Amino acid sequence: MSNTVVRVPVARGLLYLAIAGTTWGTTGAAVDLAYRSSDLGPMAVSFWRYVSGLALLLLVRPVLRPSGKQPRLSHRLGTGVGLAVFQTAYFGAVQATGVAVATIVTLGAGPVLIAAGARLALGERLGVGGVASLAAALGGLSVLVLGDDAGTVRPLGVVLALLSAAGYAVATLLTRWAGPAQDSFTTTLWAFGIGAVVLLPLAAVEGLLPHTDAPVRVLVLLAYVAVIPTALAYPLYFAGAGAVRAATASVVMLLEPVSAAVIAVAVLGEHLAPATLAGALLLLAAVMALTYAEARRS
């Protein structure tokens with residue numbers, strides 16, 4: 001493998017993040033449909049997502065010839081555990097409080113945790129645009145949780161979503177710390193492998209194999225999750241997150257809850273309170289504001 005350092009331009013990094021965020025927004029809907037069609041739980045779904053995603057990446061590795069700086073062992077471990085927490089807690093939140101609420105809380109809280117961590121650990125300054133964007137993200141999250149009159153926001157789901165946000169923050173900060181020259185493909189491989197090892201015993205207790213009357217449907221849904229929002233989206237996410245500031249990456253990824261909310265209403269028939277819609281609009285405004293600020297900075 002070549003050790004040539006390949007730096008991703010900021011504009012391309014933003015595009016990668018936008019693609020990853022949009023595809024991640026479909027994950028919750030696919031998993032929710034799998035829940036409805038089988039007795040699979042969040043641990044098992046996460047495990048199979050990692051294993052199948054890892055297998056796909058290993059298949060295409062000889063063709064893509066990934067290059068760049070190899071991630072440190074501490075980065076590999078931290079990223080793998082962080083993503084395992086992020087994904088599994090998120091799937092649990094989907095099960096507890098629905099796709100739209102779980103996704104908006106997770107990715108709404110993420111920027112706040114990441115901004116604080118980036119300031120303390122990486123010395124990143126947000127600037128006026130960054131502060132405004134984070135304020136919009138936090139405001140959207142507050143409106144969503146505190147203004148819920150329809151009873152669609154359940155406490156357990158919110159707690160799991162906040163835990164998911166913490167795992168997401170750890171993975172994002174480690175990726176930014178590694179820098180834009182890292183080999184994002186290898187980082188993804190290690191993250192999937194470590195995540196699968198961590199989740200295997202928990203998934204085994206929960207039940208690895210589904211009991212279902214629609215095995216083909218469940219298989220298609222899990223295959224979709226493995227290919228599009230996993231094997232495709234994660235390498236793009238790591239490449240993009242290494243090229244832009246940590247807070248910027250977290251806010252651009254707020255495209256995920258917006259797309260997830262749309263899918264939840266249009267496909268899954270979830271009913272969103274006005275507060276949820278208002279929160280989603282504030283989060284989308286945060287994406288636009290911080291993307292603009294990042295483009296001007298670069």
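Contact here means heavy atoms within 4.5 Å, and helices are DSSP runs (H or I, at least four residues) numbered from the N terminus. By that rule, Phe-86, Tyr-90, Ala-93, Val-94 and Thr-97 in helix H4 meet Val-99, Val-101, Ala-102, Thr-103 and Thr-106 in helix H5. The structure is a predicted model, in which local features need pLDDT of at least 70 and side-chain atom pairs count only at pLDDT 80 or more, whereas totals for chains, interfaces and linings use all residues. Residues are numbered from 1 along each chain as its sequence is written, and side-chain values use heavy atoms, with hydrogens and water left out.

**Helix packing**

- The axes of H4 (residues 73-97) and H5 (residues 99-122) come within 7 Å and cross at roughly 140°; axes are lines fitted to C-alpha atoms, for helices over the stretch in contact, and angles run from 0 to 180 degrees between N-to-C directions.
- H4 is therefore oblique to H5, given that angles under 35 degrees count as roughly parallel, over 145 as roughly antiparallel, 65 to 115 as roughly perpendicular and the rest as oblique.
- The crossing of H4 and H5 is right-handed; a crossing has this hand if the near helix is turned clockwise from the far one by less than a right angle, and is left-handed if anticlockwise.
- The contact of H4 with H5 has 7 nonpolar, 3 polar and no charged residues, where Ala, Val, Leu, Ile, Met, Phe, Trp, Tyr, Cys and Pro count as nonpolar, Asp, Glu, Lys and Arg as charged, and the others, Gly among them, as polar.
- H5 also packs with helix H11 (residues 255-266), at an angle of about 175° and with the axes 8 Å apart, and the two are therefore roughly antiparallel.
- On the H5 side this contact uses Val-99, Ala-100, Thr-103, Ile-104 and Leu-107, and on the H11 side Glu-256, Pro-257, Ala-260, Ala-261 and Ala-264; by class these are 8 nonpolar, 1 polar and 1 charged.
- Helix H2 (residues 27-37) and helix H9 have axes 9 Å apart at an angle of about 160°, so H2 is roughly antiparallel to H9.
- H2 passes H9 in a left-handed crossing, with Thr-27, Ala-30, Val-31, Leu-33, Ala-34 and Ser-37 of H2 in contact with Arg-217, Val-218, Leu-221, Tyr-224, Val-225 and Pro-229 of H9.
- The H2 and H9 contact residues divide into 9 nonpolar, 2 polar and 1 charged.

**Cavity**

- The count comes to 1 cavity of 30 Å³ or more, a cavity being a set of points, on a 1 Å grid over the protein atoms alone, where a 1.4 Å probe fits but cannot get out.
- The largest cavity holds about 70 Å³ of space; grid points are joined across faces, edges and corners, and a volume is the space filled by probe spheres set on the points.
- Its lining residues (an atom within 4 Å of a point) are Trp-24, Thr-27, Arg-49, Phe-86, Gln-87, Tyr-90, Phe-91, Tyr-234 and Glu-256.
- H4 gives the largest share of this lining, 4 residues, and by class the lining has 5 nonpolar, 2 polar and 2 charged residues.

**Second largest pocket**

- The second largest pocket holds about 230 Å³ of space; a pocket is an open set with protein on both sides within 12 Å along at least five of seven lines.
- Of its 15 lining residues, the closest to the centre are Trp-48, Val-218, Leu-219, Leu-222 and Ala-223.
- Helix H3 (42-64) and H9 (215-243) each supply at least two residues of the lining, with the largest share, 7 residues, from H9.
- The lining of this pocket has 12 nonpolar, 2 polar and 1 charged residues.
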